[in-house]
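This report describes a protein chain with its ligands. It takes the ligand surroundings in turn and then turns to the chain itself.

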Amino acid sequence: MAKAPRTKFEQTIPDYRRRILVALAKAILVPPLVTVLAFRALGSPFSAFAVLATVLSIPLTVVLRSRYSTWVEHSAAARLGAKPVPRVTGKLPGNFDVVKRVLKGFERGYVLQVHRDLFQEYDCTTLNLRFFWSDQIITMDEGVFQFACSSGFSHFEKGIMWHERIDKLLGTGLFNTDGEEWKKGRTMARPFFSKDRISDFELFERVSAPALDLIAARAERSQPIDAQDLLSRLTLDVGSKFLFGTELDLLSRPLNEPGRVKLGPKGSIPIEGHSELDPFTEAFETVAVRITRRGAQGPTWPLKELLSDATDDPIDQILEWIDPLVRRALERKEANRKAGITSTADEGVFLDFLASSTDDVEHIRYELITYLIAARDTTASLLTFVLYFFALHPEVCSRVREEVLNTFGTDGQPTPEKLKGMKYLRAVLNETLRLFPSAPLVTRMSKDAPLVLPASKEPLYLPPRTQVMMISLLLHRRHDLWGDSADEFMPDRWFDEQLIEKINKTPFMYCPFSGGPRICIGQEFAMNESMYFAIRLMQRFRAFCLAPEFQPAGSLPPAEWKGGSGRQGVEKIWPATSLTMFSKGGLWIYAEPSA
Ligand code: HEM
Ligand SMILES: *[C@@H]1O[C@H](CO)[C@@H](O)[C@H](O)[C@H]1NC(C)=O
Ligand SMILES: *[C@@H]1O[C@H](CO)[C@@H](O)[C@H](O)[C@H]1NC(C)=O
């Protein structure tokens, strides 16, 4: 049963059940009905032929409609001097086999490898999946990225397919709005991301210190630590302090214990027992996984959720936790107002900053959820994969360490000015975000007008109201752009002048933070936070080593990846994505202290 709307905004969310039922009715009921009426109008008697025609009218209509839309597309493309986007042609009607292949890849395959294979099979960088006869474009073309994010920005929006999947979670948050509403949210938030707020090094220190102590404590007992678990706590503590003004203090709660975990929705979770906040974090992970699965299934995902919306329970849990915080902020503001204090906006807390500009509880809550998700998982992902690469490439780790010790000594506190000099560390972060961009998929939908996409090889036709999924992870690994070493982790490439020149000319070949007007608003914040932590880490530890024997069952790379193309043959963990990148089952590593 559909749940009653929780908020005013929820009443306006497009109903996915209605959409899919109407579509099904149109496909299954209308053609036979028309056929029956036609036979009656012709006065022809009931016959086997009439029955057969009635039944066959269903597939026939599908085929005819598809042919017709293809014809429309081809002639519109020709008129605009563009080529239609190449279509995947599966073996089964509606590319049902391809849908199944993509879903299987999503569950069992190397991250986004199915898409990479499809691009390879069709020898192109932009492809129409045509799931169930509807256009769905995937791309790893720098020209298309550039157009959709920057030069053709105004022709795109997040789009109905996106909203249907994610609106209940993100509502009116910045990530989720378009047009004037988006502009308002962006303009409102920008001052908050000014220089001093985003380089709050005191905050970084306060949170990094206990995290490092935790790693040291494990190292003392010669035990590994789940770095992904630790870093997710670190970034959530930083994020919550920055956003709500309250530290959740997740770092002081029991960590995942080696050997006492199982595979959770993303990382490791304890086999038994939950701490007070775990349901909240788990709810976040669950909802992210379910929303991503909807995306992978294409336009028919509602069929699996006709009876119950898979995101309802986790969203209830998230709201239960966030709503009291919002109410308290509004009460604070009210109390201040009564006491004659006008502005609380300088306090450096995003929640108070929001509350000073609106009383809309709903909107504040959606913004908080948005920023919490955007800030936490992305930065945790970056640092997790940095540690992974430190473990895989000890020589890179040593070089970063050398740079850190030369600049800050074994104990000096990082400062914003000196961060700029950390060239090699910055190259390591760049290289990590190249191979594992924390948010590897950016989705847009064209508006009502047909468009010509300036793809790198030839102009491509994009029909109106068509979804485009841009896959930065694959773009960042293209051999024709990055050379034969595209799949290898090589921070030194960032000192290759030819490459830098190429990136300057084609900035969208590297876009871990997206680009154009909707470029990540937290980019500098994330970089400062990550560099700060990496520097502190290097001062206390000299090397890292994977602990595969502690990864929970089902989280090590499956045997069938061996010998596969790209990185899947060499990966020692199972990278996956659910809105953001993560290592399945967490990242269990040993750390070796400095002294
Ligand atoms: C390594 C860390 C991060 C990466 C790789 C990253 C990446 C991205 C990307 C690719 C987008 C564009 C998404 C789209 O348009 O569909 C984005 C948007 C956004 N990011 Fe980040 N992000 C990171 C950290 C952060 C942090 C720390 C914050 C907040 C403190 C943040 C807040 C946002 C917000 C609010 C948006 C939406 C902006 C808009 O639509 O105007 N991000 N980020
Ligand atoms: C890292 O990448 C950014 C582009 O996002 C570039 O401006 C910067 O120069 C790079 N830094 C290093 C050291 O590679
Ligand atoms: C860190 O923050 C400062 C503002 O204090 C900003 O200018 C700088 O670009 C940030 N660093 C990085 C690496 O983004």
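## Ligand 1

Ligand 1 is surrounded by 25 residues, and the closest are Trp182, Arg186, Arg444, Arg518 and Cys520. A residue counts as near a molecule if one of its heavy atoms lies within 4 Å of it. By class, this shell holds 16 nonpolar, five polar and four charged residues. In this scheme Ala, Val, Leu, Ile, Met, Phe, Trp, Tyr, Cys and Pro are nonpolar, Asp, Glu, Lys and Arg are charged, and the others, Gly among them, are polar.

Two or more residues of the shell come from each of helix H8 (179-189), helix H15 (361-392), strand S8 (441-446) and H22. H15 gives the most, with six residues. Helices (H or I, at least four residues) and strands (E, at least two) are DSSP runs, numbered from the N terminus.

## Basis of the model

The model is predicted, with local features requiring pLDDT of at least 70 and side-chain atom pairs pLDDT 80 or more, whereas totals for chains, interfaces and linings use all residues. Residues are numbered from 1 along each chain as its sequence is written, chains are lettered from A and ligands numbered from 1 in the order in which they are written, and side-chain values use heavy atoms, with hydrogens and water left out.

Around ligand 2 are Lys423, Arg426, Ala427, Asn430, Trp494 and Tyr510. Taken alone, ligand 2 exposes 360 Å², of which the protein buries 62%; accessible areas come from the Shrake-Rupley method with a 1.4 Å probe. The side chain of Asn430 has an N or O atom 2.3 Å from an oxygen atom of ligand 2. Three nonpolar, one polar and two charged residues make up the shell.

The residues around ligand 3 are Lys195, Ser199, Arg426, Glu524, Met527, Asn528 and Met531. Ligand 3 taken alone exposes 360 Å², and the protein buries 78% of that. Helix H22 (residues 523-540) supplies the largest share of this shell, four residues. The class count is two nonpolar, two polar and three charged residues.

## Domains and the annotated segment

The domain assignment, which is automatic or from a database, gives domain 1 (1-79) and domain 2 (167-593). Their C-alpha centres lie 42 Å apart. The contact between them takes 18 residues from domain 1 and 23 residues from domain 2, where contact means heavy atoms within 4.5 Å.

An unreviewed UniProt entry places a "transmembrane region" at residues 20-39; such annotations may be inferred rather than shown by experiment. Over residues 20-39 the model is 95% helix and 0% strand, with the end C-alpha atoms 29 Å apart.

Key: Polar contact = N/O pair within 3.5 Å; in protein donor to acceptor, adjacent residues only side chain to side chain.
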